[in-house]
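The following note sets out numbered points on the structure shown below. Please read each point with the model open beside the text.

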Amino acid sequence: MSKPFRYVHANPTRIFEHGALSEQMGNPFHIAHANNFACWLYQLDRNVLQVRYHAQKMISISQTLDFPFYLALGYMLEGWARAQQGELTEGIAEIENGLSL
């Protein structure tokens, strides 16, 4: 399967630097935002494992600190990753859970 955005390649070094800077700043909202940004870039690059990893981090932070917007996005992105990995029923359920928040 070809990647729809061949010119877009998630640069792991830059994403890591952005995430590390957010961690250093110590602002949980920035950390949630950095994980959301990483999810979108990795999704464009079809890197399912990284999308799932960052979505789970976003969900964890958002549940702890009550960030409903990022919680919903985290569920939807993790649902996409699960569906891509063949867990269609569970993935769709997570997407619907995110949409219902």
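1. Among the contacts in the chain between residues at least 6 apart in sequence, 49% join residues at least 24 apart. The model is a predicted one. The chain has five helices and zero strands, so that its pattern, read along the sequence, is α-α-α-α-α. Of its 101 residues, 40% count as buried.

2. The packing of helix H2 against helix H3 may be taken next. Their axes come within 8 Å of each other and cross at roughly 155°. H2 is therefore roughly antiparallel to H3, because an angle over 145 degrees counts as roughly antiparallel. The crossing of these two helices is left-handed.

3. Which residues of H2 and H3 meet? On the side of H2 they are Pro28, Ile31, Ala32, Asn35, Asn36, Ala38, Cys39, Tyr42 and Gln43. On the side of H3 they are Gln50, Val51, His54, Ala55, Lys57, Met58, Ile61 and Leu65. By class, this contact of H2 with H3 comprises eleven nonpolar, five polar and one charged residues.

4. Helix H3 covers residues 48-65, and helix H4 covers residues 68-84. These two helices pack at an angle of about 150°, and their axes are 8 Å apart. H3 is therefore roughly antiparallel to H4. The crossing of H3 and H4 is left-handed.

5. In the contact of H3 with H4, the residues contributed by H3 are Val48, Val51, Arg52, Ala55, Gln56, Met58, Ile59, Ser62 and Gln63. They meet Tyr70, Leu71, Leu73, Gly74, Tyr75, Leu77, Glu78, Trp80, Ala81, Arg82 and Gln84 in H4. The residues of this contact divide into twelve nonpolar, five polar and three charged.

6. Helix H3 deserves a point of its own. Its 18 residues should span 26 Å at 1.5 Å a residue, and its end C-alpha atoms are 26 Å apart, which agrees. Its buried residues are Val48, Val51, Arg52, His54, Ala55, Met58, Ile59, Ile61 and Ser62. What covers these buried residues includes H2 and H4.

7. H4 is mostly covered, with 13 of its 17 residues buried. Just after H4, Gly86 takes a positive phi of about 95°.

8. Not counting residues up to four places away in sequence, Ala81 touches Val48, Val51 and Arg52. The C-alpha atoms of Ala81 and Gln50 are separated by 8.9 Å, although the two residues are 31 residues apart along the chain.

9. Gln43 is found in helix H2, which covers residues 28-44. With a relative accessible area of 17%, Gln43 is buried. Leaving aside its neighbours within four places in sequence, Gln43 is in contact with Val51, Leu77 and Trp80. Val51 is a residue of H3, while Leu77 and Trp80 are residues of H4.

10. Arg46 lies in the loop between H2 and H3 and has a positive phi of about 60°, although it is not a glycine. Its relative accessible area is 35%, so Arg46 counts as partly exposed. Asp66 is found in the loop between H3 and H4, following H3. Asp66 likewise has a positive phi of about 60° although it is not a glycine. At 62% relative accessibility, Asp66 counts as exposed, because that value is over 50%.

Technical notes:
Residues are numbered from 1 along each chain as its sequence is written. This is a predicted model: local features need pLDDT of at least 70, side-chain atom pairs count only at pLDDT 80 or more; totals for chains, interfaces and linings use all residues. Side-chain values use heavy atoms; hydrogens and water are left out. Axes are lines fitted to C-alpha atoms, for helices over the stretch in contact, and angles run from 0 to 180 degrees between N-to-C directions. Helices (H or I, at least four residues) and strands (E, at least two) are DSSP runs, numbered from the N terminus. Angles under 35 degrees count as roughly parallel, over 145 as roughly antiparallel, 65 to 115 as roughly perpendicular and the rest as oblique. A crossing is left-handed if the near helix is turned anticlockwise from the far one by less than a right angle, and right-handed if clockwise. Contact means heavy atoms within 4.5 Å. Ala, Val, Leu, Ile, Met, Phe, Trp, Tyr, Cys and Pro count as nonpolar, Asp, Glu, Lys and Arg as charged, and the others, Gly among them, as polar. Buried means under 20% relative accessible area, exposed over 50%, partly exposed in between (1.4 Å probe, protein chains only). The expected span of a helix is 1.5 Å times one less than its number of residues.
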